[in-house]
Amino acid sequence: MEEVPELAFATSTSEPHAGSLADVLWRAAPERRRRCRPDTRDQLGLAPLVRDDRGVLRALLLENLHPLASSVLKAQGIEVETRSGALDESELFEALQGVQLLGIRSKTQVTARVLAEAGDLLAIGAYCIGTNQIELGAASRAGIATFNAPFSNTRSVVELAVAEIIALTRRLTEHDGALHGGIWDKSAEGAHEVRGRTLGIVGYGNIGSQLSVLAESLGMSVVFHDSSEKLSLGNARRVESLDELLDVADVVTLHVDGRAGNAGLFGAPQFARMKPSAIFLNLSRGFVVDYWALREAVLSGRVAGAAVDVFPVEPKSRGDHFDSELRGLPNVILTPHVGGSTEEAQRDIGQFVSGKLREYVNTGSTTLSVNLPNLALDQHPGCHRFAHLHHNTPGVLAAVNRTFAEHGVNIEGQLLATRGEFGYVVTDVSADIDQAVITQMQEMEQTVRLRVLS
Ligand SMILES: NC(=O)c1ccc[n+]([C@@H]2O[C@H](COP(=O)([O-])OP(=O)(O)OC[C@H]3O[C@@H](n4cnc5c(N)ncnc54)[C@H](O)[C@@H]3O)[C@@H](O)[C@H]2O)c1
């Protein structure tokens with residue numbers, strides 16, 4: 001079992017910029033600090049520790065995460081409590097007392113109020129792709145790092161899309177339905193090979209680009225449209241507009257992200273523009289498509305088949321009733337948002353996100369954090385590491401270095417990254433340090449959170 005490093009922490013005691021939410025969080029700060037067990041001191045006798053009285057970090061993992069999520073943390077000596085369901089705001093508020101790491105999926109809402117009151121919380125792991133359930137701005141202002149799993153289930157989504165493209169192109173759902181209904185209807189009509197057909201991918205990110213590679217290996221031609229500049233993989237051809245893609249694609253598949261501007265991206269005009277008898281897939285976000293328009297396009301025969309995995313409003317729990325204008329349509333595959341739901345993906349997500357939490361605890365590394373400036377950091381043998389998250393205003397780096405210089409502390413290494421209104425400077429020092437250095441840095445007006453790892 002690897003040793004968990006000593007971890008010291010302090011929040012700002014200075015007044016933040018007036019009028020911001022940081023204002024509110026700052027007012028909550030004395031309360032937050034009280035809950036941080038100020039009587040516990042680290043090895044250096046310097047600052048209040050974010051640990052319980054036995055010197056062990058605590059993690060709370062909700063929503064039935066894969067067992068690997070816990071075992072990665074436990075292997076670091078972190079005490080893990082797991083719960084199968086999500087918690088509401090007041091339950092979460094209670095449960096987070098004395099907890100440094102929180103793991104959730106998409107159902108737990110982590111509000112600004114919870115974050116402001118979670119005085120011990122150091123980092124959040126979203127064991128999924130989306131992070132809309134977390135108020136990320138508030139997390140940043142509270143100095144709480146947030147990580148997700150942006151590509152651990154990419155392959156699972158791609159494989160489902162491939163399976164559906166083939167199934168719809170061969171009209172398997174209709175053959176399957178007829179035979180289950182006791183009717184032998186052997187026919188080649190409307191059934192095609194995918195080889196030689198054109199796949200149009202809208203959104204060429206993690207999923208879209210990997211689908212591109214697999215589709216080409218099946219002999220399909222690939223065109224894609226992305227609102228950002230993207231490297232074409234293999235022989236895939238970029239087209240400048242969605243209309244250009246719709247003019248040539250036999251299969252249109254959406255893999256755009258969930259930005260607000262994508263609401264209603266695909267509706268009646270786009271279905272009308274598709275090639276006659278083309279196939280349509282949406283495994284991205286429900287609100288991107290007008291499903292009434294898809295229903296009309298399927299019923300009129302304009303669209304030969306469709307697969308839909310995501311819906312604007314989805315039932316909350318397993319077994320809940322599901323209703324949709326798409327139910328009962330011919331050659332339409334409906335799946336309950338399971339594109340990324342495979343055992344392999346769950347395992348990879350568990351390992352990936354817990355790995356990020358472990359690295360943040362051990363080294364201060366924020367690589368792929370969705371809210372803090374990203375710094376890739378390794379171990380710091382023989383050094384004290386000052387990880388200083390601050391408001392990104394001119395002069396912070398100079399002030400940090402002046403503090404070290406005034407106390408005769410030699411800097412061994414230093415890295416700075418900024419992201420919007422926040423900066424993160426990590427400084428390794430080898431000399432013994434005294435409380436005055438920490439006090440001076442935590443009292444800087446711009447300090448959001450200071451961690452000292454020794
Ligand atoms: N069905 C599932 O279970 C499941 C699982 C994982 C991801 N997803 C969803 O799949 C989608 C894609 O995921 P990803 O990891 O590939 O995301 P990503 O961020 O890597 O890629 C999204 C791409 O879409 C592009 N884009 C955004 N808006 C666009 C527009 N209007 N026109 C053209 N291009 C546009 C972006 O530039 C980006 O390249 C996301 O919405 C994600 O939430 C669904």
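In which helix is the place of Ser140? Ser140 sits in helix H5, which spans residues 136–141, where helices (H or I, at least four residues) and strands (E, at least two) are DSSP runs numbered from the N terminus. Residues are numbered from 1 along each chain as its sequence is written, and the model is a predicted one, in which local features need pLDDT of at least 70, side-chain atom pairs count only at pLDDT 80 or more, and totals for chains, interfaces and linings use all residues. Side-chain values use heavy atoms, with hydrogens and water left out.

Ser140 counts as buried because its relative accessibility is 4%; buried means under 20% relative accessible area, exposed over 50%, and partly exposed in between, with a 1.4 Å probe and protein chains only. Not counting residues up to four places away in sequence, Ser140 touches Asn371, Leu372, Leu389, Phe422 and Val448, a contact being heavy atoms within 4.5 Å.

For the chain as a whole, the secondary structure comes to 14 helices and 17 strands. Of its 454 residues, 52% are buried, and among the contacts with a separation of 6 or more, 64% are between residues 24 or more positions apart. The accessible surface of the chain comes to about 20000 Å², and carbon and sulfur atoms account for 50% of that area, as computed by the Shrake-Rupley method with a 1.4 Å probe, where for residues only the protein chains shown count as cover.

Phe422, one of the residues that Ser140 touches, also belongs to strand E16 (residues 422–429), which pairs in the antiparallel sense with strand E15 (residues 411–419) over eight bridges; two strands pair if DSSP finds at least two bridges between them. Within this pairing, Thr418 has Gly423 of E16 as its bridge partner. The hairpin of E15 and E16 has two residues between the strands, and Gly420 takes a positive phi near 55° there. Ala417 lies in strand E15 and is buried, because its relative accessible area is 11%. Leaving aside neighbours within four places in sequence, Ala417 is in contact with Pro373, Asn374, Leu375, Phe422, Gly423 and Tyr424. Ala417 and Leu372 are 45 residues apart in sequence, while their C-alpha atoms are 9.1 Å apart in space.

A further element is an open sheet of seven strands with parallel pairing, in the order E9-E8-E7-E10-E11-E12-E13. Strand E9 (237–238) and strand E13 (332–334) stand at its edges, and because each has a single partner strand, one side of each is left without a neighbour in the sheet. Strand E10 (residues 251–254) pairs in the parallel sense with strand E11 (residues 278–282) over four bridges, and strand E7 (residues 198–202) likewise pairs with E10 in the parallel sense over four bridges. Val251 of E10 stands opposite Leu199 and also opposite Ile279 in E11, while Leu254 has Asn282 as its bridge partner in E11. In a regular strand the side chains alternate between the two faces of the sheet. In E10 both faces are covered, with Val251 and Thr253 buried on one side and Val252 and Leu254 buried on the other.

Most residues other than glycine have a negative phi. Arg171, although not a glycine, has a positive phi of about 55°; this residue is found in the loop between helix H6 (154–169) and helix H7 (172–180), and it counts as buried because its relative accessibility is 18%. Ser277, also not a glycine, has a positive phi of about 65° and is found in the loop between helix H10 (268–273) and E11. Ser277 is partly exposed, because its relative accessible area is 43%.

The ligand is surrounded by 29 residues, of which the closest are Ile207, Asp226, Val256, Asn262 and Asp309; a residue is near a molecule if one of its heavy atoms lies within 4 Å of it. By class, this shell has nine nonpolar, 14 polar and six charged residues, where Ala, Val, Leu, Ile, Met, Phe, Trp, Tyr, Cys and Pro count as nonpolar, Asp, Glu, Lys and Arg as charged, and the others, Gly among them, as polar. An N or O atom in the side chain of Asn262 is 2.7 Å from a nitrogen atom of the ligand, and a backbone N or O atom of Asn206 lies 2.9 Å from an oxygen atom of the ligand. A polar backbone atom of Gly339 is 3.3 Å from an oxygen atom of the ligand. On its own the ligand has 860 Å² of accessible area, and the protein covers 88% of it.

Note on methods: Polar contact = N/O pair within 3.5 Å; in protein donor to acceptor, adjacent residues only side chain to side chain.
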